[in-house]
Amino acid sequence: QQRPPQPAPHAFRERSLRRGAPCGGCGTPLGPHGLVCRVCKVAAHKKCESKVTSPCQPLPPPELAGPCPLPGGRAPPDPAVPLQRRNTAPVRRSERV
């Protein structure tokens, strides 16, 4: 009888994080600093490193993952469409004579 292979351990390293990302160990929001796995990108508090129970699986390459919606349900911007400024005053261009 064969046992399933053990998942690889997470390869955590200290990183600066965006506030509010959930911890993979306890689920509470992370502060500005924490640990991130180099392979699967799961984030955790230093004290929760041993509590992360999710298996460490590499993320699929971007071409296989498809479009990933941004937070708030917005789609990523189309690179062919130029970005437009919103809610700002028009740019004044002064000509020098």
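The legends below describe close-up views of a predicted model. Residues are numbered from 1 along each chain as its sequence is written, and side-chain values use heavy atoms, without hydrogens and water. Local features need pLDDT of at least 70 and side-chain atom pairs count only at pLDDT 80 or more, whereas totals for chains, interfaces and linings use all residues.

**View 1. The chain has 1 helix and 3 strands.** The order of elements from the N terminus is β-β-β-α. Helices (H or I, at least four residues) and strands (E, at least two) are DSSP runs numbered from the N terminus. Of the 97 residues in the protein chain, 19% are buried. Buried means under 20% relative accessible area, exposed over 50%, and partly exposed in between (1.4 Å probe, protein chains only).

**View 2. The largest nonpolar core holds 15 residues.** Such a core is a set of buried Ala, Val, Leu, Ile, Met, Phe, Trp, Tyr and Cys residues joined through side-chain atoms within 4.5 Å. Phe12, Leu30, Cys37 and Val42 touch the most other members. The elements that contribute two or more residues are β2 and β3, and β2 gives the most, with 3 residues.

**View 3. Glutamate 14 and lysine 46 form a salt bridge.** Their closest N and O atoms are 3.2 Å apart. A salt bridge is a side-chain nitrogen of Lys or Arg within 4 Å of a carboxyl oxygen of Asp or Glu. Glutamate 14 is in strand β1 and lysine 46 in the loop between β3 and α1 (62-65), so the pair links distant parts of the chain, 32 residues apart. Both residues are exposed. A search of the whole structure finds 1 salt bridge.

**View 4. Arg13, Arg15, Arg38 and Lys41 gather in a surface patch of positive charge.** Patches are made of residues with over 30% relative accessible area and no salt bridge; like charges are joined within 9 Å, and nonpolar side chains (Val, Leu, Ile, Met, Phe, Trp, Tyr) within 5 Å. Arginine 38 lies in the loop between β2 (33-37) and β3 (43-44), and lysine 41 is also placed in the loop between β2 and β3. Lysine 41 is not a glycine, yet has a positive phi of about 70°. Lysine 41 is partly exposed, with a relative accessible area of 46%.

**View 5. Arginine 18 lies in the loop between β1 (12-16) and β2.** Arginine 18 is exposed, with a relative accessible area of 62%. The C-alpha atoms of arginine 18 and glycine 34 are separated by 9.8 Å, and these residues are 16 apart along the chain.

Note on methods:
Areas by Shrake-Rupley, 256 points an atom, 1.4 Å probe, with all protein chains shown as cover. Lys, Arg positive; Asp, Glu negative; His and termini not counted. Charge placed at Lys NZ, Arg CZ, Asp CG, Glu CD.
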